[in-house]
Amino acid sequence: MATPKLISWNLTRRCNLACGHCYLDAVQRKSETGDELQLAEVAQVIDQIAELAPGAMLVLTGGEPLLRRDLDDIVEHAAGLGLMPVIGTNGVLLTAARAQRLRDAGAAGVGISLDSTTAEFHDRLRGMTGAWAGALAGMRAARAAGLGVLMQATLFEENRNQLSGFADLAVEVGAMALNFFFLVCTGRGVTQTDLAPTAYEESLREILALQAARPDVMIRARCAPYARRLLGLHAGEVAPGYAEWSSACLAGRTYLRIGPRGEVTPCPYIPDAAGSVRWTPLREIWETGADFLRLRGEMPAGKCGGCDYRVSCGGCRARALVTTGELMAEDGKCGYRPPPDASPEVLLPPRQTGVTWSPEAQRLLERIPGFVRGKIRDNLEQKAIAVGAASISVEFMHRNRPANLPLNRPDATA
């Protein structure tokens, strides 16, 4: 069975901002609420995560996670078990000293939201004058402390013409990745206007073109599984920079989310919990939760179910749920129609390359963070095939080390 490669954890609903599109409907309050998981409970769940998903990226977010006084302890515990802690923050509270403490505790990086290339729209959306400047200052503080920086932007009509400007800013602050999120209207996001299908498709094409033109920063579309179709990548297929799962919907397949009170869902935009870590082991929820089983075992319905990209794309399940009330319904945002001679895509068995790994190389591969291990394995095997190498050694890994290994974790170099 597949295991999670990426886990996001909303540690708290407390926040210092009041963002108009917050899926969690986070609140501004002076003190922590008593119903959120406390440090001892958090540590127990981290133990379960490390056992279920060794090397996974663990995104610790909120609300605003920097408002948790025990955040450094949480980071230290996760890093000590071989997980990759990343802090998802609005950046306003991330001073140089705070960034250094996170780095010392074992954080690998920060994901900081920036929703426009100038202050006006970002500050209005986030509900605070100075939020834009604070986000950029937080990125610079993180970079100076040696943390990897992921710039995150949610797309609206007001900012979707700024894609190139976002890339310029990402390079300026030293970000290693720029993620464009396509809005799913849940939480306070129901008050926002989502992109029209034509604008969604146009923006996605521009993002893919921007990535091809800007190899100096990794640029990706998130909550946008149509990227697989636009790249022409069917199930199991890879391309330079794109693993077989890259850009597809990860919900319930290689991704799960934990809420402030311990509720577990396949992604932040699917609100119904499959269980709570307060009462049920995380592995049991992952392996037996009804929505997790459906996402891994069912084909989508409607036009998504008859599509020649129904496996590699399959539409956004959260968006289908929000718009139709049914998790496995068709994704109405997609305007694609398969060619008349196309057949519905089938799930293929795992790809066999014929390339073997030396024991030493296999051990080194296992030290690479789980969320990116598959991508690096695929890239190295493709390079081996290209040069006629039947086996991958440690020396081969060093000669072909990826130039942009995410977050540059010291013990994950290949």
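Helices are DSSP runs of H or I with at least four residues, strands are E runs of at least two, and both are numbered from the N terminus.

This is a predicted model, where local features need pLDDT of at least 70, side-chain atom pairs count only at pLDDT 80 or more, and totals for chains, interfaces and linings use all residues. Residues are numbered from 1 along each chain as its sequence is written, and side-chain values use heavy atoms, leaving out hydrogens and water.

**Stop 1: α5**

Select residues 131-144, then Leu136 within them. Leu136 counts as buried because its relative accessibility is 5% (buried is under 20%, exposed over 50%, partly exposed in between, with a 1.4 Å probe and protein chains only). Other buried residues of α5 include Trp132 and Met139. Show α3, β4, α4, β5 and α6 too; they are among what covers the buried residues of α5. After α5, click Gly146; its phi is positive, near 90 degrees.

**Stop 2: Arg317**

Jump to Arg317 in helix α12, residues 317-324. Arg317 is buried yet has no salt bridge (a side-chain nitrogen of Lys or Arg within 4 Å of a carboxyl oxygen of Asp or Glu). The nearest side chain of opposite charge, Asp331, is 5.7 Å away. Now pick the backbone oxygen of Leu327: a polar side-chain atom of Arg317 lies 2.8 Å from that oxygen.

Terms used: Contact means heavy atoms within 4.5 Å. Lys and Arg count as positive and Asp and Glu as negative; His and the chain ends are not counted. A polar contact is a pair of N or O atoms within 3.5 Å; within protein, one must be able to donate a hydrogen and the other to accept it, and residues adjacent in sequence count only if both atoms are side-chain atoms.
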